[in-house]
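Visitor: Please take a close look at the aromatic pairs. Where do the rings sit, and how are they arranged?

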Amino acid sequence: LSTELHAVAEETRRRARDYVLGRLSEAERLSFEDHVAGCAECAVVVLEVEGGMERLESAMARAASAGWTWSRVVEVVFGPVPAAVYLASAALLAFVLLFNRASLPIPAQLVAVLEPAGVRVEGDALLRGSVGEALPALEIPAGPMASGPRVLELETRVDRADIEDPSAAFVVEVADAGQVLVSLSARREHFGPRGTLRLALDPTALPRGRELTVLVRLDKPGDPFHGKALFSRLVLLR
Amino acid sequence: VRSSDSLVLDGDRELARRVLSAEPGAEDELIRRFQPGLFAIACVRVGRDLAGDLVQDTLAAGLVDLRRGRWRGEGPLAAYLATVLRRKIGRDAAARRSRPLGSGEEELASTGADAHALVERAERRERVRAAVAQLPARHALVLVLHYFENTSVEEIAGKLAIPRGTVLSRLHHARAKLAGILNRTGAGRHSLRGAGEG
């Protein structure tokens, strides 16, 4: 009996899968729907399989937004493009990578930066412990691509001596209510001339519409401010 | 010996009689019996966001029909309600398509969702469904096992007797092919395939 029940369950699941994936003929589909309408057990199986469609869609959406997609950018800008445009894009990207390394952002585990300019973010005055007045959360609007990277230009104002110190490193964190969501390591080569740090965030990996804290901590064992924040600002991703 | 179909039909006729004579609890029973199945169908056809309202409308229409004796008991009540639901899905899709952009305020107030966004989501779902059907068999198989059967990569590898890396590679290629198909079919997104049938 157990084997028979198992076979029936398998057949139901297969049928539900074919239904959800649109593999049934018109007559089969109507017949299956007529049955499901009055069968709570099959309804549960159909909903379970339908959940697979949701998982697949989410995975597709993640895949589409995760990798930084030069082709996507080109596609957005130019629409359907010939292969030559892709080749030209690749050449341009290679040029940027080879000859413009110093201006590249901090190691972007999240996304590569394609936007030429980011949102300038001034921090609360936290330099080496002098805590100033907390600034209101800065709204970071969506860029040209709604789910594309958000580039923040953090005006850290970190002391040049700290930046240049070879024994010093910095940790850039994005936290939500104390929980660290992003943690990146930065060194002097990542800072701009005026202590600016370019931070590229993938908005799909972060909660939108919530106040997130962006921190730059000093990572310099032995220094009295080791582990302490030198820069802090609330931001809100739109 | 009577078939299970005729037993179901007898039960349906009895329920219809009770609804017609306004017996207490009869309408609740109808909702309890048919709501889950209708909801599952509506979820597949139009997505979860729109399903609830459509099923509610279907059950309300079904009750009115039963109270007025319009259902003649010639076929199962489930099939009758499924047909009502399909018609509603078709009409609803047509109405939403013909509604100009920006006229969804009423919808916003009643459901908290943007009508056009919901329609777009339903259309996107339909495109994914059609795209999966176009995948080569070996890619479709790992995709279905992984996402629809909730099977882990290791389990798929065991089931198909292939290395784990091959499963990962096929999953990757399946998603890439799917994305390619979706990009190609993106132009025809403003249609609700199949929703008006039946």
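**Aromatic pairs in chain A**

Guide: A:Tyr19 and A:Phe32 are both buried. Keep in mind that this is a predicted model. Searching the whole structure over all chains turns up 2 aromatic pairs. A:Tyr19 and A:Phe32 make one of them: the ring centres are 5.1 Å apart and the planes stand at 50°. Now place the two residues. A:Tyr19 belongs to helix 1 of chain A, residues 2-20. A:Phe32 belongs to helix 2 of chain A, residues 26-36.

Next, A:Phe170 and A:Phe191. Their rings also form an aromatic pair, with 5.0 Å from centre to centre. The planes are 70° apart, and the pair is edge-to-face. A:Phe170 sits in strand 5 of chain A, residues 169-176. A:Phe191 sits in the loop between strand 6 (179-186) and strand 7 (196-201) of chain A. The partners are 21 residues apart in sequence, so the pair ties those parts together. A:Phe170 and A:Phe191 are both buried.

Stay with strand 5 of chain A, which also holds A:Asp176. The relative accessibility of A:Asp176 is 13%. The cut-off for buried is under 20%, so A:Asp176 counts as buried. Leaving out residues up to four places away in sequence, A:Asp176 touches A:Leu181, A:Pro207, A:Arg210, A:Glu211 and A:Leu212.

Notes
Residues are numbered from 1 along each chain as its sequence is written. Chains are lettered from A and ligands numbered from 1 in the order in which they are written. This is a predicted model: local features need pLDDT of at least 70, side-chain atom pairs count only at pLDDT 80 or more; totals for chains, interfaces and linings use all residues. Side-chain values use heavy atoms; hydrogens and water are left out. Rings of Phe, Tyr and Trp (its six-membered ring) pair if their centres lie within 6.5 Å; planes under 30 degrees apart count as stacked, over 60 as edge-to-face and the rest as tilted. Helices (H or I, at least four residues) and strands (E, at least two) are DSSP runs, numbered from the N terminus. Buried means under 20% relative accessible area, exposed over 50%, partly exposed in between (1.4 Å probe, protein chains only). Contact means heavy atoms within 4.5 Å.
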